[in-house]
Amino acid sequence: MQTFRIRIPVFLLSGILLAACNGEAEAPLVASDIVISEPPPGRAMSAGYLTLRNNANSVVRISGVDSPQFGFVEIHETRLDDGVARMLLVPELLIPAKSSVTLQPGGKHLMLMRPIGSPDKISLSFYDDETLLLSVQAPMTRRNN
Amino acid sequence: MSARNLIIAIVLGSALAAGIFVAARMNQPAALQHAFAVPIPQPLPAFTLIDQNGNAVTADTFRGQWDLVFFGFTNCPDICPTTLQILANAKRAFISAKIEVTPRIVLVSVDPERDTPEIMGKYVDYFGDGNLGVSGELAELTKFTAALGIYFEKMPAEGENYSVNHSAAVLVINPQGEFSALFSAPHDVSNYIHDLPILMGAD
């Protein structure tokens, strides 16, 4: 029978212990499945999709997103009303305690405007007013045809 | 008629009825799951728009092939590229499956103010070869959209960052140039893979 030994580096362990002292075993806000499509040729905007997981025991509020690779970033929502697509600005995104919110095609999404150059990697920072909640990096997805 | 003959007649009659029923069922095309087929396909109205190469686009442009027509705009980050990618993926699936008749993908701009033929060309080419990008005068666009029940409305905003609300359906135009079916949003590639061969084969 095989045995599996899990090695946890000391620095990570101390981080976990520190987090445990704060009452949190995991990072409070985690992003996954990040997809940021490249802007179509000649277009100065694109969409970003991801899942945000709130591991904390209280609601997380996101009121701003920025990226050094884009002039500005907003959270938008595509709404279908009677077959008509409408774009709405989402001024704040609330993620309930111990829950996830998924930004996906045809729903809530990041609207990334005015790309700076043609970057391969995108950094995104999420804020509650001036408080930085999370910074993540993701590759720019090229649309394949 | 004797009782025996009556029984034979009933048995034969029932068998014939059952046979006709089965034959009718077998001749029926597979049922559409997502698309709505227009009971009487509608001819397109008179209008003159312009394609990405500067050629006139009229009702006649839609004769001779199956067209999947989406109304959107190139500054739309979410539903427009997502829908065009779904249509492109469906078309690619047909080519892989060796289905000979593949539809043409058409984007009609509901933002002709910003979407010049040049912008439309770059945009539709991004989603594959053979796509048609249509823009033109607002008055001509309205003739086309009004006849097809397509709604669009420019939303007030400061400067160039305005958005346009628009119907999100994909219309199917048959090779006779008639509006023959409609796919409602939300779109999914499997809807097209299932229903389009039925629609195209039924014509």
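Asn75(B) sits in the loop between β4 (67–72) and α2 of chain B, with helices (H or I, at least four residues) and strands (E, at least two) taken as DSSP runs numbered from the N terminus. This is a predicted model, in which local features need pLDDT of at least 70 and side-chain atom pairs count only at pLDDT 80 or more, while totals for chains, interfaces and linings use all residues. Residues are numbered from 1 along each chain as its sequence is written, chains are lettered from A in the order in which they are written, and side-chain values use heavy atoms, leaving out hydrogens and water.

Asn75(B) counts as buried because its relative accessibility is 18%; the cut-offs are under 20% relative accessible area for buried, over 50% for exposed and partly exposed in between (1.4 Å probe, protein chains only). Leaving aside neighbours within four places in sequence, Asn75(B) is in contact with Arg43(A), Met45(A), Met111(A), Asp111(B) and Arg114(B), contact meaning heavy atoms within 4.5 Å. With Arg43(A) there is also a side-chain to side-chain polar contact, at 3.4 Å. A polar contact is a pair of N or O atoms within 3.5 Å; within protein, one must be able to donate a hydrogen and the other to accept it, and residues adjacent in sequence count only if both atoms are side-chain atoms.

Now for the interface as a whole. Chain A puts in 26 residues and chain B 29 residues. About 2,200 Å² is buried between the two chains, and carbon and sulfur atoms give 55% of that area (the accessible area, 1.4 Å probe, that two parts lose on being put together, summed over both). Nine residue pairs are in polar contact across the interface, both residues at pLDDT 80 or more. On the chain A side, β2 (45–54), β5 (70–81), β6 (84–89) and β9 (108–115) each supply at least two of the residues that touch chain B.

Away from that topic, His34(B) lies in the loop between α1 (3–27) and β1 (36–43) of chain B. His34(B) is partly exposed, as its relative accessible area is 39%. Its side chain makes a polar contact with the side chain of Asn191(B) at 3.0 Å.

Asn191(B) is also among the residues touched by Leu196(B), along with Leu68(B), Phe94(B), Pro103(B), Val172(B) and Phe183(B), not counting residues up to four places away in sequence.
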